[in-house]
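Please look at the sequence and the structure shown below. The paragraphs that follow lead through them step by step.

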Amino acid sequence: MNKQCVNWALVCLLSGAALAAQAGSVAVVGTGSSASKLTPEQAAAIFLMRMKSLPGAGQAQLVVVASSKSELLSVIGKTDDQASAIWARQVFTGGGVPPVEVSTAAEAKKVLANPNAMALIDASEVAPATMKVLCSF
């Protein structure tokens, strides 16, 4: 009986860890945006400014919630210094504007009123009434 309890506890623990690992971050737009889906590769290209606009929408205005910044760096495959250098080069050459960093998902929600805005937020902070998920990481 004790062995069964231990096995069930282990299964529950591992299931909970798997669900937590799936939460991660998501790329979202406001419900007024015409953008519908992105692959993680497309989202990374947009945050690296290799793609200037959201598919089906205009030039992307990028927002990152501070708590998701490490996830962004993982998605784009760059360190903080490398990402800063890429964004600085884009600004210097007139190629784009770096992502705006906000402290909360509520602040990102305000920016998402722009139909060309895309934000990277924690999956648990998605508000379906005002946000559409383009892809998960």
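What covers the buried residues of α2? Before the answer, some conventions are needed. The model is predicted, so local features need pLDDT of at least 70 and side-chain atom pairs count only at pLDDT 80 or more, while totals for chains, interfaces and linings use all residues. Residues are numbered from 1 along each chain as its sequence is written, and side-chain values use heavy atoms, with hydrogens and water left out.

Helices (H or I, at least four residues) and strands (E, at least two) are DSSP runs, numbered from the N terminus. Helix α2 spans residues 40–47, and its residues A43, A44, A45, I46 and F47 are buried. Buried means under 20% relative accessible area, with a 1.4 Å probe and protein chains only. The cover over these buried residues includes the strands β2 (61–65), β4 (117–122) and β5 (131–136), together with the helices α3 and α4. Just after α2, M49 takes a positive phi of about 65 degrees.

The strands belong to an open sheet of five, arranged in the order β3-β2-β4-β1-β5 with mixed pairing. Two strands pair if DSSP finds at least two bridges between them. Because β3 (100–102) and β5 each have a single partner strand, they stand at the edges, and one side of each is left without a neighbour in the sheet. On average, neighbouring strands of this sheet are turned by 30 degrees against each other, direction ignored.

Within the sheet, β1 and β4 pair in the antiparallel sense over five bridges. One of the residues involved is A27, whose bridge partner in β4 is L120. Helix α3 packs on the sheet and touches β1, β2, β3 and β4, where contact means heavy atoms within 4.5 Å. The direction of α3 makes about 125 degrees with that of β2. Such angles run from 0 to 180 degrees between N-to-C directions, and axes are lines fitted to C-alpha atoms, for helices over the stretch in contact.

Strand β1 (residues 25–30) also holds S25. S25 is buried, with a relative accessible area of 4%. Leaving aside residues up to four places away in sequence, S25 touches S68, E71, L120, I121, D122, A123, S136 and F137.

Finally, helix α3 (residues 69–76) meets helix α4 (residues 80–92): their axes come within 10 Å and cross at roughly 75 degrees. The contact is made by K69, L72, L73 and I76 of α3 and by D80, A83 and W87 of α4.

Note on methods: Buried means under 20% relative accessible area, exposed over 50%, partly exposed in between (1.4 Å probe, protein chains only).
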